[in-house]
Amino acid sequence: RDVVRHCANVASAGISSAVAGLAPRYKWLGPTLCYALGTVHAFLTRHTDLSLEVCVDGGEWQRLDRATCVVLGNGAYFGGGMKIAPDAKVDSGSVQVVTLQAFSLLDFALHGSRLYNGTHTDLPGVSVTTAHSCVRLCVAADQTDRATLKPYSVEIDGEVLGILPVGRDNALSVEVVKEAVDVLV
């Protein structure tokens with residue numbers, strides 16, 4: 001059975017989703033620090049990079065080895081003010097697809113400020129593309145030893161929804177809905 005969820009700002013899979021589940025524990029530190037501490041906590045206890053596959057706008061499937069996170073940004077910011085998708089605009093009719101591969105706790109310590117100010121897109125292991133119609137995302141089918149894998153979770157607008165499925169036949173499918181919301185000013 002297909003489940004439909006709507007996302008206004010950002011959907012992501014990987015460490016960002018683990019952080020979304022951990023950050024509320026540290027809310028007393030304020031929005032920026034609670035997400036920074038949640039990130040450290042996730043790197044130390046909950047996250048393992050996996051090989052993922054992503055398909056943008058019906059193109060070829062791309063393999064992302066050692067994927068730390070994949071972010072689909074309708075808006076530019078998430079995680080306590082992190083400008084993860086710096087060129088995303090909610091009225092553009094597209095989403096930025098930002099991937100971080102082999103991004104470690106040390107990388108976060110060294111480059112965290114660049115994640116917050118949106119200048120991280122030229123770092124090694126970071127790639128950005130734009131999706132105009134749809135994105136499909138899954139854990140690579142050869143990552144099947146579920147007993148040894150930590151769950152690779154998915155979040156939408158800060159709410160952890162579940163685990164990213166394994167294999168293209170079960171892939172998470174995200175559709176870009178243009179002009180879905182009218183705003184009165």
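**Entry 1: Glu-155 and its surroundings**

I looked up the contacts of Glu-155, leaving out residues up to four places away in sequence. Glu-155 touches Val-10, Ala-11, Ser-12, Ser-16, Ser-17, Ala-20, Phe-78, Val-160 and Leu-161, where contact means heavy atoms within 4.5 Å. The model is a predicted one, in which local features need pLDDT of at least 70 and side-chain atom pairs count only at pLDDT 80 or more, while totals for chains, interfaces and linings use all residues. Residues are numbered from 1 along each chain as its sequence is written, and side-chain values use heavy atoms, with hydrogens and water left out.

I placed Glu-155 in strand β7, residues 153-156. Helices (H or I, at least four residues) and strands (E, at least two) are DSSP runs, numbered from the N terminus.

Which side chain of opposite charge is nearest to Glu-155? I found Lys-27, 11 Å away. Glu-155 is buried yet has no salt bridge. Buried means under 20% relative accessible area, exposed over 50%, and partly exposed in between, with a 1.4 Å probe and protein chains only. For charge, Lys and Arg count as positive and Asp and Glu as negative, while His and the chain ends are not counted. A salt bridge is a side-chain nitrogen of Lys or Arg within 4 Å of a carboxyl oxygen of Asp or Glu.

I did note that the Glu-155 side chain reaches the backbone nitrogen of Gly-158 at 2.6 Å.

**Entry 2**

I checked both faces of β7 and found them covered. Ser-153 and Glu-155 are buried on one side, Val-154 and Ile-156 on the other. In a regular strand the side chains alternate between the two faces of the sheet.

I then looked for the strands that pair with β7; two strands pair if DSSP finds at least two bridges between them. Strand β1 (residues 10-14) runs antiparallel to β7 and is joined to it by three bridges. Ala-11 stands opposite Ile-156 there. Strand β8 (residues 159-163) also pairs with β7 in the antiparallel sense, over four bridges, and Ser-153 stands opposite Ile-163. β7 and β8 form a hairpin with two residues between them. I noted a positive phi of about 50° for Asp-157 in that turn.

**Entry 3: helix α1**

How many of the eight residues of helix α1 (residues 15-22) are buried? I get seven, so the helix is largely enclosed by the rest of the structure. The buried ones are Ile-15, Ser-16, Ser-17, Ala-18, Val-19, Ala-20 and Leu-22. They pack against β1, α2 (31-45), β3 (62-73), β7 and β8.

**Entry 4: salt bridges**

I count four salt bridges. Glu-53 forms one of them with Arg-168, with the closest N and O atoms 2.9 Å apart. Glu-53 lies in strand β2 (residues 50-56) and Arg-168 in the loop between β8 and β9 (172-175), so this pair ties together parts 115 residues apart in sequence. Glu-53 is buried at 11% relative accessible area, whereas Arg-168 is partly exposed at 38%.

I next went to Arg-63, which forms a salt bridge with Asp-142, the closest N and O atoms being 3.1 Å apart. Because Arg-63 lies in strand β3 and Asp-142 in the loop between β6 (134-139) and β7, the pair ties together parts 79 residues apart in sequence. Arg-63 also meets Asp-65 in a salt bridge, at 2.7 Å from N to O. I therefore recorded Arg-63 as partly exposed at 39% relative accessible area, and Asp-65 counts as partly exposed at 39% too. Arg-63, Asp-65 and Asp-142 are linked in a network of salt bridges.

**Entry 5: cysteines**

I searched for disulfides, a disulfide being a pair of cysteine sulfur atoms within 2.5 Å. The count comes to zero. Cys-34 is in no disulfide, and the nearest cysteine sulfur, that of Cys-69, is 17 Å away. Cys-34 is buried, at 0% relative accessibility.

**Entry 6: Gly-112**

I located Gly-112 in helix α3, residues 105-117. Is Gly-112 buried or exposed? I have it as buried, with a relative accessible area of 9%. Gly-112 and Ala-36 are 76 residues apart in sequence, and their C-alpha atoms are 8.5 Å apart in space.

Terms used. A polar contact is a pair of N or O atoms within 3.5 Å; within protein, one must be able to donate a hydrogen and the other to accept it, and residues adjacent in sequence count only if both atoms are side-chain atoms.
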